[in-house]
Amino acid sequence: MTSPKVIISCAITGAIHTPSMSPYLPITPDQIAASAVEAAEAGAAILHLHARDPETGRPTPDPAIFAKFLPRIHEATDAVINLTTGGGLTMTVDQRLEAPLRFRPEMCSLNMGSMNFGIFPLAERRHPWLHDWEQLYLRGTKDFIFRNTFSDIERIIELLGKEHGTRFEHECYDVGHLYNLAHFVDRKLVEPPFLLQTIFGVLGGIGAEWENLAFMKATADRLFGDACQWSVLAAGRSQIPFATEAAMRGGHVRVGLEDSLYIERGQLALSNAQQVTRIRTIIENLGLQVATPREARDLLKLKGRDRVAIQGGA
């Protein structure tokens, strides 16, 4: 499970934070493309991508919006493009699959279970709210279950993995999700090497506590051994400390404005690249090396950028 080099993933915009929370959150296709390229230049080997309505900033599954920034990222950088299958919190599974099935990327995210996904506390923060949808969207998660049943997961693996050779960032928000992933590994629907993303600090999932990180890693070691490449992301203020600990334990890391809008306490991050630069500096100061996109592809046995359906690809 340990790796000679650390893969940095960067989640560029996500579907959690809303435009009122930070003027630096990429919203338009131009902003998403520019921010992704900057993050890659700073050292991110994998770019995790969502789309937003350019007028309102609301998360959208529309492949036509993805098409306005994906080719530009693909042409400007060698980084691995990783599309969401989580989409936004109000989207159906079919909507969430529209863009991945059209573009057939090297990687997609894949949540490994249904869960309460509570971002409603964000609605009570004091902002000059820019759009009517924002607080309603956030408050709606108080009575919301993010759906990814065993049937949904199997379908996504079959449609994207088996038919198009896409591999997955297996997102595990709690220990039960590790066992869900083990179920698919035992059935040989998921084959090594695979990227295991353990996630901390989302309300409804496991908390961002050091004991939980150690427990999740120990459980993953027991279930998967060297079959997976282990990575960590933590929400909010825990982002950089947890990423640092993951690197020290031989794992990989994810940062980005999807996961935290801040670079340090009380200070908004100016860009995704700023967060990538911060964790890259820490990694290198620890005497570790950051993986290039080519090295990330080799570690994860990805199909290659020439086999995607993005402009410039197959």
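Here is a walk through this predicted model, one selection at a time.

**Start with the whole chain**

Show everything as a cartoon and turn it around. Along its principal axes, the C-alpha trace spans about 50 × 45 × 40 Å.

Of the 314 residues, 57% count as buried. If you look at contacts between residues with a separation of 6 or more, 76% of them are made by residues 24 or more positions apart.

**Select Cys 172 and Cys 228**

How many disulfides does a search of the whole structure find? The search comes back with 0. Draw a distance between the sulfurs of Cys 172 and Cys 228 and you can see why: Cys 228 has the closest cysteine sulfur to that of Cys 172, yet the gap is 9.2 Å, too far for a bond. The cut-off for a disulfide is 2.5 Å. Are these two cysteines buried or exposed? Cys 172 is buried, at a relative accessible area of 0%, and Cys 228 is buried too, also at 0%.

**Step back to Glu 171**

Next, select Glu 171, which sits in strand S9. With 4% relative accessibility, this glutamate counts as buried. What does Glu 171 touch, leaving out residues up to four places away in sequence? Show side chains around Glu 171 and you will find His 48, Ser 109, Leu 110, Asn 111, Met 112, His 177, Gln 197, Ile 199 and Arg 254.

**Look at the aromatic rings**

The structure holds 7 aromatic pairs. Begin with Phe 117 and Tyr 173: their ring centres are 5.6 Å apart and their planes meet at 70°, so this pair is edge-to-face. Phe 117 is in the loop between strand S7 (115-116) and helix H5 (133-139), while Tyr 173 is in the loop between strand S9 (167-172) and helix H7 (175-186), so the pair ties together parts that are 56 residues apart in sequence. Both Phe 117 and Tyr 173 are buried.

Then move to Trp 133 and Tyr 137, another edge-to-face pair, at 5.3 Å centre to centre and 80° between the planes. These two are 4 residues apart in helix H5, so about one helical turn separates Trp 133 from Tyr 137. Both Trp 133 and Tyr 137 are buried.

For a group of three, select Phe 200, Trp 210 and Phe 242, which form one aromatic cluster.

Most residues other than glycine have a negative phi, and most peptide bonds are trans.

Zoom in on Pro 192 and Pro 193, which are joined by a cis peptide bond with omega at about -5°. Pro 193 belongs to the loop between H7 and strand S10 (194-200).

Stay in the loop between H7 and S10 and select Lys 188. Its phi is near 65°, a positive value in a residue other than glycine. Lys 188 counts as exposed, at 60% relative accessibility.

Now jump to Lys 301, in the segment after helix H11 (293-300). Phi of Lys 301 is also positive, near 55°. The relative accessible area of Lys 301 is 56%, which makes this lysine exposed.

**Last stop: Ala 67**

Finish at Ala 67, in the loop between helix H2 (63-66) and helix H3 (70-76). Ala 67 counts as partly exposed, at 25% relative accessibility. Which residues does Ala 67 contact, leaving aside neighbours within four places in sequence? Those are Arg 102 and Phe 103. Now draw a C-alpha to C-alpha distance from Ala 67 to Ala 51: the two alanines are 16 residues apart in sequence and 9.6 Å apart in space.

Technical notes. Residues are numbered from 1 along each chain as its sequence is written. Side-chain values use heavy atoms; hydrogens and water are left out. Buried means under 20% relative accessible area, exposed over 50%, partly exposed in between (1.4 Å probe, protein chains only). Rings of Phe, Tyr and Trp (its six-membered ring) pair if their centres lie within 6.5 Å; planes under 30 degrees apart count as stacked, over 60 as edge-to-face and the rest as tilted. Contact means heavy atoms within 4.5 Å.
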